[in-house]
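Work through the exercises below with the sequence and the model open. Each task is followed by its solution in steps.

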Amino acid sequence: MKRLHQIVSELLASGKAKLVIGYEKGTGEKRRPAFISDANEVERLVFDSQCSHNLSVYLTKPEYKHVTEIAVFATPQTMRAVVRLAGENQFQDKKLSFIVMDQDQNALLIEGAEVLANHLGKEKIALSSAQEELLAKFEAMSREERFAYWKEQLSNCVKCYACRAACPMCYCTRCTVEVNQPQWISVPSSLQGNFEYHIMRAMHMAGRCVDCGSCEAACPLGLPLNIITRRMIKDIEASLGPDIVSMDTKSVLNTFQPNDKENFIR
Amino acid sequence: MARIGVFICHCGENIGGTVDCNKVAKSAESFDGVVFSTDYKYMCSDPGQTLIKQAIAEHKLTGVVVGACSPRMHEPTFRKTCSEAGVNGYMCEMANLREHCSWVHEKGEATTNKATDLVRMLVGKVKNNKPLSPIKVPVSKTALVIGGGIAGIQTSLDIANAGHKVVLIEKQPSIGGHMSQLSETFPTLDCSQCILTPRMVEVAQHPNIELITYAELESLDGFIGNFKARIRKKAKSIDEKLCTGCGMCTTKCPTKKIPGEFNEKLGNRTAIYVPFPQAVPNKPVIDKNNCTYYQKGKCRICEKFCPTQAIRFDQPDEIVERSIGAVVVATGFEVKGTDFFPEYGYGKYADVITGLQFERLASASGPTLGEIRRPSDGKIPEKIVFLACAGSRDPAKGIKYCSKICCMYTAKHAMLYKHKVHHGDAYVFYMDIRAAGKMYDEFTRRAIEEDEVKYIRGRVSRIYEKNGKLIVKGADTLLGAMPVEVEADMVVLATASVAHNDAADLAQKLHVSYDENNFFVEAHPKLKPVETNTAGIFLAGACQSPRDIPETVAMASGAASKILGLFSQNELTREPVVAVVNRAAPPLFSTCAGCFMCQSVCPYQAIEKEEIKNRAGETIKTVAKVNPGLCQGCGTCVAFCRSKSIDIQGFSNEQMVEEVFALLNND
Amino acid sequence: MSKNMSVAVYPGCSLNGSSREYMESLRAVLNALEIPVNEVDDWNCCGASAAHNIDQDMAVALPSRILAQTAKDGYSNLLVPCAACYNRLKHVQQEIKTSPEIRQKASVLLNQEINTPDTIVNILEYLQSTVMPRLEGKTLKPVSKKVACYYGCLLVRPKGISDEKQIEDPQGMDQIMASLGAEPVSWAFKTECCGAGFSVSNTTTVARLSSEILIDAADRGAEAIIVACPMCHSNLDMRRREIEKYSGRKFDIPVLYITQAIGLALGIPAKKLGLQRHFVPVKI
Amino acid sequence: MENNIKVVAFVCNWCTYAGADLTGTSRIKYSSDVKIVRFPCTGRIDFMLLMKAFAEGADGIIVSGCHPNDCHYTSGNFHARRRWIVFKSVLETFGIDTRRIQFSWVSAAEGAKWAEIVNTTVERIKELGPYTEYRELAGVEAP
Amino acid sequence: MSHHSETSNSFTKKLAASTGVEINRCYQCGKCSAGCPMSVEMDMPPSLVIRHLQTNDEKLVQKAVQSHAIWLCLSCETCLCRCPMEIETAKVMDYLREEALRTNQVNPKARKIVAFHKSFLSSVKNNGRLFEIGLVLKYKLASGDLLKDMVLAPSMFLKGKLHLWPERVKTKIKLHKGSNTVH
């Protein structure tokens with residue numbers, strides 16, 4: 001923890017970071033995001049295996065629009081999100097530095113999203129056995145069972161859009177949900193509106209989701225949102241090739257291969 | 001509030017036969033927004049159109065739906081009618097009641113109901129249409145022609161003679177291209193230089209043509225009518241204004257042993273050289289790779305002898321910019337060298353030469369002053385073997401296509417040889433004689449019948465050298481594939497015509513597509529052979545695929561005529577069906593989130609970045625902007641944009657959703 | 001070629017029988033350079049032209065068994081000095097790798113699982129990559145002779161599968177002989193066929209084809225012909241009388257294996273190189 | 001077998017719309033349960049429009065455009081194909097009945113193929129019956 | 001003579017199924033016949049053999065199967081090396097030879113060549129390796145060419161080139177012609 005505080009203080013002192021977004025002790029063993037901008041609060045910061053929030057979500061929030069030099073604690077998921085966001089030109093006017101934990105758990109300073117991209121290994125983040133199990137169970141379901149499953153699950157959804165707020169990739173100034181000319185997503189809280197919203201959210205995550213689980217964690221009703229994204233990532237990899245995280249704006253839905261494989265177009 | 005008029009056409013019996021047009025018109029009256037609805041026997045006829053105009057005036061209509069044939073047929077007609085009556089053309093839509101309804105369904109209530117649904121669908125759309133006016137784009141009336149061969153020369157002259165400016169750039173020190181290397185041309189055997197040189201001089205002296213040789217295209221930006229071309233003028237190390245072309249430097253230059261490109265390496269040239277006597281411009285350039293001064297810093301003899309002190313060793317490459325309205329690619333082709341053929345000796349045997357090299361031997365200004373002499377010992381060959389289809393029609397060598405011109409020039413070569421060496425023996429190993437032009441087949445028959453050239457139908461498997469002779473091992477498939485061996489003094493390979501090796505780079509600079517053989521791809525093989533998919537860029541000559549001189553000249557004039565059509569108006573008008581990125585009041589300025597992932601979706605590179613600045617000039621936000629000149633209105637970006645910030649005029653999100661609503665809510 | 005010096009060698013029937021001197025000279029050279037020689041355990045005949053001419057099952061089964069035996073002993077590289085065996089094994093390895101049906105057919109025929117070493121090594125590639133570098137240090141007895149390097153047809157084929165890049169004018173042997181002090185002659189019959197398997201059943205053809213080869217070599221002033229294939233050697237050497245009868249010309253140009261030439265350069269006595277087994281006496 | 005079903009066809013203007021015109025000029029009869037909506041290109045067809053169509057009462061959807069490499073805008077259909085691959089997988093995750101959507105390539109010269117695709121799709125949708133299951137979602141109260 | 005009869009189970013289809021070679025690609029350029037060392041001795045040079053097969057005509061295909069040429073082929077693969085359409089003529093020749101044996105239409109001129117191949121294979125089947133003396137004896141019996149190389153044999157023996165007894169492979173090679181051997 002000494003090394004960590006030392007890096008943060010230097011960053012603040014040198015002005016390389018006007019704001020440091022990290023973690024601090026929450027209730028009990030939990031951790032919660034911390035926003036430090038003056039030196040003597042550095043002691044509050046902590047960075048250990050308990051920290052799971054994807055802090056990159058704050059980098060595109062309007063509240064921090066005018067802060068250019070920001071330092072962020074980066075878990076592997078956060079790193080993947082930052083690299084993709086950089087690829088989508090979201091950090092044009094930002095000077096970012098990152099604090100990551102290397103293999104033997106001591107803090108490492110990385111300056112700039114490009115450097116982070118190279119630091120990011122190719123290896124994918126493995127799913128936990130529970131997640132694998134749930135996915136397999138879901139995969140085995142028939143179409144009718146799946147429709148019934150989501151009818152049951154989505155009947156709880158109140159469209160509070162916490163999942164949208166928690167997701168680092170959802171940074172649009174105005175979301176399609178708010179478009180009323182034409183009214184893409186039907187407004188009354190009906191199952192149809194919920195289906196339309198969650199299908200749209202999945203499509204907007206195609207080739208972009210970094211599988212950090214923030215959406216499911218944020219859902220007040222605990223809906224199994226990650227089944228949707230994880231199954232989509234698996235399907236896209238099977239049909240269109242590996243899901244590589246890079247700074248390239250070219251992603252799944254804005255490029256093509258002349259010989260993309262499919263078996264349903266006549 | 002929308003005041004829409006619905007006009008149902010019977011189209012004689014074509015629609016009336018199976019659809020109750022009167023009933024459709026009646027039920028259309030009840031649609032929301034419709035204030036007038038009628039039906040008529042022939043809506044597209046003159047009375048029909050006047051009926052529409054009267055209704056527009058009488059009911060002060062703001063939108064029109066015509067239920068008749070396919071919009072692909074009469075949409076322009078009815079849109080013109082509406083605009084003449086004061087309603088913007090784009091407020092008029094057509095419902096396809098004929099091809100998509102009356103002609104394909106049985107007579108009956110279901111068909112009439114479907115017709116009503118289709119009309120309701122288009123009424124829903126028109127309610128959301130907005131008046132649009134065609135996009136006007138200024139046109140700068142200067143054409144850029146890339147490549148100074150016969151194709152580039154012909155195009156430039158046609159455009160210049162029509163009074164427009166042309167910038168003609170050529171990579172070599174002189175224009176003329178491959179045609180200037182030819183001895184005589186088929187099928188009339190008139191001398192290539194005699195018919196080409198006057199054209200070259202005409203280009204050099206034409207007031208409307210700016211000729212820049214030893215230059216290549218550095219980059220091309222912008223769009224049809226408004227291109228910005230940056231041209232790299234490679235340093236000639238000569239001050240062209242002072243140089244009189246006296247040639248003193250080329251005689252005094254001590255480095256004389258450089259294999260000349262013009263003579264296909266059969267003759268030598270000096271380091272400071274003029275490619276050939278009739279070169280245009282007739283001024284030398286210094287070949288930096290072989291000039292002793294550039295390589296070792298010594299010599300400078302040419303500088304000493306130059307009467308007008310025109311040598312400039314320190315001359316740098318120069319980038320010049322021109323604003324261009326249209327581009328013609330006329331970069332021509334190359335021929336494969338003899339080293340491309342393992343089974344014919346990997347280019348090791350000096351007396352195995354290419355067709356172009358034979359042209360240089362046969363040419364009066366060539367290294368042997370027109371006498372057919374073998375490169376190895378200068379002897380006149382008693383027996384020559386010509387190989388047609390060398391490398392062409394050969395997928396194993398990666399060249400699937402037929403090079404089209406070799407049958408003709410091989411017959412010509414054989415004929416020229418027999419005319420110059422009467423007692424000589426000429427063999428031609430051929431696959432098929434493809435001589436399909438005017439007077440072409442007669443020409444090859446002359447070679448066979450009068451000049452007694454021995455044509456053998458079969459491909460040569462191997463050539464090797466044995467005590468000064470070239471053993472050619474072929475077969476005669478007309479004699480039961482019997483092996484045939486000829487001991488020749490010289491062998492001429494009619495090697496495949498291929499694209500230049502830098503054709504792909506040029507295509508990428510121009511955003512023009514090219515095929516697997518690196519030939520440029522035309523917009524439509526039959527109906528748009530001289531255009532490309534990129535508006536404002538045209539093709540002429542063999543850069544599109546191998547072709548002979550007559551076809552090249554015809555194609556060049558074709559490309560020129562397309563440009564003259566473009567330059568005939570001061571402004572370019574284009575369909576207003578283009579995408580637009582929404583704008584909003586500050587501080588939002590636009591809902592575009594600036595991810596710019598739409599840029600890689602656009603096939604026309606029409607989406608640019610626009611920096612929104614405040615009064616102090618600082619960039620507040622960078623958002624997407626569609627260039628109406630480049631956008632062709634496909635809408636792929638609209639369906640991609642996650643935040644629905646881009647919409648397309650004529651097929652907007654509201655219009656399409658409204659169509660689907662109207663179509664399905666028929667109760 | 002792989003770092004590990006030890007490589008499995010597949011001699012084949014000719015190198016064990018009528019062309020023993022090829023194997024003897026190879027073994028002598030490798031021993032002189034302390035390179036271990038391990039033959040494929042219990043190897044069988046590859047079937048050569050007979051199998052693939054008249055019996056497709058044997059044509060696949062025999063080479064597959066050799067590959068399986070080599071893989072069983074854990075070798076990833078298999079050196080095949082004989083050009084005909086090299087060609088057959090390369091063909092079958094390619095078929096096994098690309099077509100599951102043929103691999104399945106082979107395993108059914110041999111009633112065992114078929115797997116294959118990674119690479120089948122051409123003798124010239126092996127000599128250039130592993131043997132020649134070791135000669136640098138040694139003082140060589142220069143083979144100062146004008147030699148015609150004769151590759152034959154199968155050593156450099158089939159196109160696309162064999163490792164030869166310059167299939168119509170190979171340079172492998174020429175380079176080796178040049179570094180041994182010899183003067184390789186440029187001639188036109190490097191890869192023309194010598195008559196291959198017809199030595200017994202159609203000797204006149206062998207005489208015709210081999211005469212053309214010898215005539216061209218002699219006319220170019222070659223003092224020896226260097227080969228790397230037992231069939232080429234036996235046709236050009238053993239059938240010399242038929243060649244002279246057919247062509248009406250006398251040739252006393254000896255035919256040497258590339259490995260014998262290297263052996264001579266290393267100063268290995270002629271007897272150990274099997275030179276005495278030749279029909280045309282070798283006077284070096 | 002339910003027979004009054006509604007099928008919407010989203011087609012591209014340059015190929016399939018012209019193909020449907022050709023079906024008309026060749027007087028090839030096909031089911032009148034399909035109504036065609038014209039788009040400039042398949043690249044313009046938004047996946048949310050398909051959801052709107054189901055929500056508004058469509059029982060089946062046909063989406064058709066130019067064959068790969070034929071696109072008037074060179075790459076619209078390639079992008080469309082990729083979207084349909086992803087969209088079909090997402091719909092299957094949610095249990096939406098993708099048998100009710102028929103994707104196809106129909107060129108301007110394939111009038112007969114268009115009629116055949118319409119007829120076979122309408123046949124299949126009639127067997128599946130109206131897609132009430134999805135439409136009823138609108139009625140189901142979420143909290 | 002019906003030329004070019006097109007039947008679904010045409011010869012070219014069977015050939016393609018078995019060898020993977022599409023002989024319809026051949027446009028009769030003659031390069032294989034030009035380069036083939038054996039063309040001069042053949043009654044039907046390679047390109048002519050392919051031409052016969054392309055017709056799919058029973059009698060013409062039979063003429064190719066009965067030809068002497070297919071037995072004179074050395075499998076030196078010069079034809080594949082130089083064929084512009086990359087047709088593996090050597091594989092086609094293998095197929096035709098097997099067809100000739102199967103339908104016993106072997107050209108009588110090729111008696112000796114077939115005898116040699118058969119003796120070669122029987123020696124390999126017995127020992128797993130070639131026993132050269134056994135091969136020559138079997139060949140002489142089969143071909144009736146008793147005096148062949150009588151002079152050569154002793155000097156080969158003196159030069160140690162002939163083993164007197166066969167070398168055998170430890171495990172005898174027995175091919176399991178299982179029912180599902182894929183042809």
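**Exercise 1. Chain contacts**

Task: Find how far apart the closest C-alpha atoms of chain A and chain C lie.

Solution. Chain A and chain C have no contact, where contact means heavy atoms within 4.5 Å. Their closest C-alpha atoms lie 22 Å apart. Chain D and chain E are not in contact either, with 25 Å between their closest C-alpha atoms. Six pairs of chains are in contact, and among these chains C and E share the most contacts.

The model is predicted: local features need pLDDT of at least 70 and side-chain atom pairs count only at pLDDT 80 or more, while totals for chains, interfaces and linings use all residues. Residues are numbered from 1 along each chain as its sequence is written, chains are lettered from A and ligands numbered from 1 in the order in which they are written, and side-chain values use heavy atoms, with hydrogens and water left out.

**Exercise 2. The interface of chain A and chain B**

Task: Describe the contact between chain A and chain B by residues, area and polar pairs.

Solution. Step one, residues: chain A contributes 21 residues and chain B 23 residues. Step two, area: about 1,800 Å² is buried between the two chains, and carbon and sulfur atoms give 58% of it. Buried area is the accessible area (1.4 Å probe) that two parts lose on being put together, summed over both. R174(A), W184(A) and N254(A) supply 29% of the area that chain A buries against chain B, more than any other three residues.

Step three, polar pairs: nine residue pairs across this interface are in polar contact, both residues being at pLDDT 80 or more. A polar contact is a pair of N or O atoms within 3.5 Å; within protein, one must be able to donate a hydrogen and the other to accept it, and residues adjacent in sequence count only if both atoms are side-chain atoms. The rule also finds one salt bridge across the interface, a salt bridge being a side-chain nitrogen of Lys or Arg within 4 Å of a carboxyl oxygen of Asp or Glu. E88(A) and R642(B) form a salt bridge with their closest N and O atoms 3.7 Å apart.

**Exercise 3. Strand β3 of chain B**

Task: Which strands pair with β3(B), and in which sense?

Solution. Strand β1 (residues 4–9) of chain B runs parallel to β3(B) and is joined to it by five bridges; G5(B) has V64(B) as its bridge partner. Strand β4 (residues 92–96) of chain B also pairs with β3(B) in the parallel sense, over five bridges, and A68(B) stands opposite N96(B). Two strands pair if DSSP finds at least two bridges between them; helices (H or I, at least four residues) and strands (E, at least two) are DSSP runs, numbered from the N terminus.

Now the burial. Six of the six residues of β3(B) (residues 63–68) are buried, so the strand is largely enclosed by the rest of the structure. Buried means under 20% relative accessible area, exposed over 50%, partly exposed in between (1.4 Å probe, protein chains only). G63(B), V65(B) and G67(B) point one way, and V64(B), V66(B) and A68(B) the other.
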